[in-house]
Amino acid sequence: KPAGTWTCYTCMIENNVEKTKCAACETPKPSSKPIGILSSLFAKKAGSWDCDVCMVQNNPDVEKCAACETPKP
């Protein structure tokens, strides 16, 4: 793991330490919250969609997958 990065628990992408959301799937940067709160990070947002190719969860307003750019079904 490169210094100054954090790993997104949703899509496993390495992100720059300054980012507050994952560059690929926009999952919030983890903090020192208790583990019980982490389950809310995995809750699917209303209207979001999963990419059929790479399985990344995407926000409802995007027309292409944030990770692989496959069009929204």
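**Figure 1. C11 is found in the loop between β1 (5–7) and β2 (14–16).** The view is taken from a predicted model. C11 counts as buried because its relative accessible area is 17%, under the 20% limit for that class. Leaving out residues up to four places away in sequence, C11 touches C22, A24, C25 and V56. T27 is 16 residues from C11 along the chain, and the C-alpha atoms of C11 and T27 are separated by 8.7 Å. C11 is also one of the ten residues in the largest nonpolar core.

**Figure 2. M12 has a positive phi in the loop between β1 and β2.** The phi angle of M12 is near 70°, and M12 is not a glycine. M12 has a relative accessibility of 54% and therefore counts as exposed, the class for values over 50%. C11, which is found in the loop between β1 and β2, is buried at 17%.

**Figure 3. The largest nonpolar core has ten residues.** Its members are W6, C8, C11, C22, A24, C25, W49, C51, V56 and C65. Domain 1 (1–30) and domain 2 (44–72) both contribute residues, so the core lies between them. In soluble globular proteins, nonpolar side chains tend to be buried together.

Figure 4. How many disulfides does the count come to? The count is zero, with a disulfide taken as a pair of cysteine sulfur atoms within 2.5 Å. C22 is buried, with a relative accessible area of 2%. C65 is likewise buried, with a relative accessibility of 2%.

**Figure 5. T27 is a buried residue in the loop between β2 and α1 (35–38).** The relative accessible area of T27 is 10%.

**Figure 6. E26 has a positive phi in the loop between β2 and α1.** Phi is about 65° for E26, which is not a glycine. With a relative accessible area of 35%, E26 is partly exposed. T27, found in the loop between β2 and α1, is buried.

**Figure 7. V62 lies in the segment after β4 (57–58).** Is V62 buried or partly exposed? V62 counts as partly exposed because its relative accessibility is 28%. Not counting residues up to four places away in sequence, V62 touches W49 and K72. V62 and K72 are ten residues apart in sequence, with their C-alpha atoms 7.6 Å apart.

**Figure 8. UniProt places the feature "domain: RanBP2-type" at residues 2–31 and 45–73.** The annotation comes from an unreviewed entry. Residues 2–31 are 0% helix and 20% strand, and the end C-alpha atoms of this span are 18 Å apart. Residues 45–73 are 0% helix and 14% strand, with the end C-alpha atoms 17 Å apart.

**Figure 9. The protein follows the pattern β-β-α-β-β along the sequence.** This view sets the close-ups in context. The protein has one helix and four strands. Of its 73 residues, 22% are buried. Among contacts between residues at least 6 apart in sequence, 11% join residues at least 24 apart. The protein exposes about 5,000 Å², and carbon and sulfur atoms supply 58% of that area.

Definitions and conventions:
Residues numbered from 1 in each chain as written. Predicted model: local features only at pLDDT ≥ 70, side-chain atom pairs only at ≥ 80, totals over all residues. Heavy atoms only, no water. Helix = DSSP H or I, 4+ residues; strand = E, 2+ residues; numbered from the N terminus. Buried < 20%, exposed > 50% of the residue type's maximum accessible area, 1.4 Å probe, protein only. Contact = heavy atoms within 4.5 Å. Areas by Shrake-Rupley, 256 points an atom, 1.4 Å probe, with all protein chains shown as cover. Core = buried A, V, L, I, M, F, W, Y, C linked by side-chain atoms within 4.5 Å. Domains from an automatic or database assignment. UniProt positions renumbered as here; feature names shortened; annotations may be inferred.
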